[in-house]
Amino acid sequence: MVSETQIYLNLKKYLPEKGWILIGGEPPNGTNSMPRIELKEEMHTAKGSKGSKKIDLLFFKEGYFLLLELKERYNISDVKKLNEVADNEKWRRAFILALKEKRALEMKNISINAREYILSNKKLIKAIAYSKGKSNHAEFITFIINEGEIKLNFGSNIKQEIKQLF
Amino acid sequence: MKIKIYCDALQEGEWFKNLSPSFKNSELLEINNRGRNPPIIEKLIEYDRPDIILVIDGEVKLALEKTEEVPTGHNVGQRFARIVKSAELRIPFIYFCPFVAMKHGKYANKCFINARLFTAIENMSKIHNVTILVMNWITDDNYELIRGGREDTELKLLMSDLLANNFSFKKSKIVKNILNKMSSEKVDRIKMHPSYEEPPNTVKIINTFSFVSDLKKRFGDFKISPRFMKNNETIFYILGMTPENCRREDPYTGTQLVYDYYWCRTGAKTNERKRNLVLNIPMVTKKRWLEANPNETHKKRHLYYSIPDMLILKDGIIITENLNNKQRRLMRWYQKLKST
């Protein structure tokens, strides 16, 4: 089994090799040179990060965002979190706002029609990555990471046009 | 040259490795939990863990902390204890953080470094005769952090210069330049907020004699060292912890050290002070405090007992000198018992 930090480092290297642009995220511990993508509810009044949702890794390619949650062992909470973010207009709005706040797309010279991403989740790809466990989620891409090996599983509802991005 | 880079998180180690081509073949090692590292690393993480420890041919050349948080508010003291330990061991330290950056959220605004940090660091640097650098993580015109490598330019130059100078910080022109930048940043911040030269609202400078008299009226007579009474003034730092949230280390264990080096310390040891250092936790009882924060040597909370002279709680006081003497006596007794 590899650690969450190893999973993080592996994907940070692997996905750009496939043409994905790293937009932001947060390492399991410590600092890294990229914007933290922290989604806050519109009426967010809690102090600090309480009640917010942070995306572990976020990539962009050909109009698609890849939202990735990482764990050493598969955990259903990651699936629930990404479903909540992608399937709920309120959280999609918070996602776009987080990107704007940090100028995360501007820094990579990417421009999008924000409204399109708020109104629909079609271009948000949900993905989880882990080293140990088993999962089967129709709308998710799963990365199974082990020493020197990255295995990709596409959920049954993942369209061909998305599959070819990897 | 055998180079080892110890890191708190692997991505930080990899980042550091990229600061110089000379580090290319270095060994990258994660800092383990306390008790599971080589002695030189153990000593350095006694108070807290820095992000990077650079070891060349078995000798620690520097420690480094990298953060995207501007040292302001609670962030000023949060990372300070790890700088202090490094200074005590006379190991140069680099604190890489933004001097100004945009704070996001409901009250979004640009946020500047707290000038008190520079003064505390200057004093600490003089006391321990060691170089401590605060280097600016640069931002763009919108005060967003520069990312992707350009922010590391000065650090790369510094590494190359230090490698060429066998890590003699005193000989490095780049070090001199960074120290100048720190001084001018401090001046600018104080110009903007003259209050930075005064203690914050949570800190009072009080008269030691009246303070001790008041305490004795409140809690009865107690033994206090002549050293404590010799200092006319005492730094009285108020910690707003409640009984529910008092099992807490950050930022207080580090912040007390900022105030110690700013207003109290005259020498390398905690008994070398021109002012006493007292922590006041008025909402928490002694029983609750000791239950939530026992003096565990492997945890940062041991700094509550090894740094200040005294803790004042809702219903009692803890004089750390007495406590530490008692502990030392117990330790001697235990060792004697073990040997017989």
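A: B:Asn129 sits in the loop between H5 and strand S8 (132-136) of chain B; helices (H or I, at least four residues) and strands (E, at least two) are DSSP runs numbered from the N terminus. This is a predicted model, in which local features need pLDDT of at least 70 and side-chain atom pairs count only at pLDDT 80 or more, while totals for chains, interfaces and linings use all residues. Residues are numbered from 1 along each chain as its sequence is written, and chains are lettered from A and ligands numbered from 1 in the order in which they are written.

Although B:Asn129 is not a glycine, its phi is positive, at about 50 degrees. With 9 other C-beta atoms within 10 Å, B:Asn129 is exposed. (A residue is buried if 20 or more other C-beta atoms lie within 10 Å of its own, exposed if 12 or fewer, and partly exposed in between, with C-beta atoms placed from the backbone.)

Now step back to helix H5 (residues 115-128) of chain B, which packs against helix H10 (residues 252-264) of chain B at an angle of about 65 degrees, with the axes 8 Å apart. Axes here are lines fitted to C-alpha atoms, for helices over the stretch in contact, and angles run from 0 to 180 degrees between N-to-C directions. H5(B) and H10(B) are therefore roughly perpendicular to each other; that label covers 65 to 115 degrees, with under 35 roughly parallel, over 145 roughly antiparallel and the rest oblique.

Which residues make the contact? From H5(B) come B:Arg116, B:Leu117, B:Thr119, B:Ala120, B:Asn123 and B:Met124, and from H10(B) come B:Val258, B:Tyr261 and B:Tyr262. Two residues are in contact if their C-beta atoms, placed from the backbone, lie within 7 Å. Sorted by class, this contact of H5(B) with H10(B) has 6 nonpolar, 2 polar and 1 charged residues. (Ala, Val, Leu, Ile, Met, Phe, Trp, Tyr, Cys and Pro count as nonpolar, Asp, Glu, Lys and Arg as charged, and the others, Gly among them, as polar.)

B:Pro251 lies in the loop between strand S10 (233-238) and H10 of chain B. A cis peptide bond joins B:Asp250 to B:Pro251, with omega about 0 degrees.

Chain B is divided into domain 1 (3-194) and domain 2 (203-330), with bounds from an automatic or database domain assignment. The C-alpha centres of domain 1 and domain 2 of chain B are 29 Å apart. Where the two meet, 20 residues of domain 1 of chain B are in contact with 15 residues of domain 2 of chain B. Helix H3 (75-78), helix H4 (80-88) and H5 of chain B are the elements that give two or more residues to the domain 1 side. H5(B) gives the most to that side, with 8 residues. By class, the domain 1 side has 9 nonpolar, 6 polar and 5 charged residues.
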